[in-house]
Amino acid sequence: MKRFILYTLIAFTLLSCGGSEGRFRLKGEFEHLRQGEFYIYSNDGGTAGFDTIKIEDGQFDYETDLRDHAIYYLLYPNLSEQVIFGASGDVITIKGDARNLKSVEVKGSQPNEELTAFRLENKDKGLSGTREAAAAFIAQSPSSPVSVFLFKEYFLSYDDVSQGDVKKHYRALCKAQPDNLQLLSWQSDVENRDRLLKKGSSLPDFSFTLEDGRKVQASDYRGKPLLVHFWASWEGRSRAETFRVRRMLKGNQGKIEAVSISLDVNDAARKGIERMDSVSWTSYCDFQSWNSPLVKQFGIRSIPFYLLAGADGKVLAAGASYEKDIEPEIKKLFEPR
């Protein structure tokens, strides 16, 4: 009888510590953050949209349905992101200091612990050093989901990486993960990288007509810097970027203009996101998604994507990351001379 009770207690303990099949659980504990909110989203089915995570007494506990695998993005109040690999049955824990988010530790599965180790080891190396470390990781562990993430984060998302390096890493990943649908979806992106607008080129002479009949064209913005932002409500990461556009415009009122171009096919979904994010700047959608003439005119291969043009219409910066590609150039525009 005693042995039965002992086995029962052990089984109960294991069940209470582990996750449930078909569910994904994320628990966190932060110092120097008593109360607040995080947002969480996924581009590959982990969430239907944005979910809100409430922080109480420095802790949170979030759970959602997940039948297979997904990559989640935890959006902190300062709009920086934490990548989390999820799988059915996982219980992932996050621990860190809200004053030092670069040192947050994510545990509970091999991919999350591998990425945490990579981040902590390379957090002070800068972009060039971190990219070298990412290349070494990909070469050593091409079958790891972390390698796919690092490839997108440090190679596919940047225009200053040589086409040869991008193709080399991409082929190694495809050979190790031939059934990875995400990798397959990037094939056109990899092959057509050299078609993107580059720094110093002229912004396309675009034009479109808004619902109210007002015609918008590139010449309207000559004489003032312009940020062009491509996004869609169905693409979680690009949807999150509207936070950054709004914050940038608020911080530089009257000094810079913005145009958002949506690749949506569902008008209600697009307008719902725009209402939620208080989009008050020029926004356009022709509901042709990737077949839009504007997508072809700008050479857009993936979203989110930004182009920053100066007052003379010349491209100052372009890329998929506002923080990495665009924000430094905007600061240069408006820093005291």
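Helices (H or I, at least four residues) and strands (E, at least two) in these legends are DSSP runs, numbered from the N terminus. Everything shown comes from a predicted model, where local features need pLDDT of at least 70 and side-chain atom pairs count only at pLDDT 80 or more, while totals for chains, interfaces and linings use all residues. Residues are numbered from 1 along each chain as its sequence is written, and side-chain values use heavy atoms, with hydrogens and water left out.

**View A. S233 in the loop between β11 and α8.** Let us start with S233, which lies in the loop that links β11 (226-231) to α8 (236-240). S233 counts as buried because its relative accessibility is 8%; buried means under 20% relative accessible area, exposed over 50%, and partly exposed in between (1.4 Å probe, protein chains only). Its side chain and that of D264 are joined by a polar contact of 2.5 Å. A polar contact is a pair of N or O atoms within 3.5 Å; within protein, one must be able to donate a hydrogen and the other to accept it, and residues adjacent in sequence count only if both atoms are side-chain atoms. Setting aside neighbours within four places in sequence, S233 is in contact (heavy atoms within 4.5 Å) with R239, D264, A269, R270 and I273.

View B. Look for S289 between β13 (282-285) and α11 (293-298). With 15% relative accessibility, S289 counts as buried. The S289 side chain reaches the backbone oxygen of L263 at 3.3 Å. Apart from neighbours within four places in sequence, the contacts of S289 are W234, L263, D264, V265 and V295. F287 sits in the loop between β13 and α11, and F287 has a positive phi of about 60° although it is not a glycine. F287 is partly exposed, with a relative accessible area of 33%.

**View C. H32 in the loop between β1 and β2.** H32 is placed between β1 (23-31) and β2 (35-42). H32 is not a glycine, yet it has a positive phi of about 60°. The relative accessible area of H32 is 48%, so this residue is partly exposed.

**View D. Helix α3 packed on helix α4.** Two packed helices are described by the angle between their axes and the distance between the axes. Here α3 (residues 126-140) and α4 pack at an angle of about 150°, with axes 9 Å apart. Axes are lines fitted to C-alpha atoms, for helices over the stretch in contact, and angles run from 0 to 180 degrees between N-to-C directions. On the α3 side, the residues that meet α4 include L127, T130, R131 and F137; their partners in α4 include V146, L150, F151 and Y154.

**View E. Helix α4 packed on helix α5.** The axes of α4 (residues 145-156) and α5 (residues 163-176) come within 11 Å and cross at roughly 165°. That makes α4 roughly antiparallel to α5, a label for angles over 145 degrees. S147, V148, F151, F155 and L156 of α4 make the contact with V166, H169, Y170 and L173 of α5.

**View F. V148 in helix α4.** V148 belongs to helix α4 and, at 4% relative accessibility, counts as buried. V148 and Q110 are 38 residues apart in sequence and 14 Å apart in space, C-alpha to C-alpha.

Note on methods:
Angles under 35 degrees count as roughly parallel, over 145 as roughly antiparallel, 65 to 115 as roughly perpendicular and the rest as oblique.
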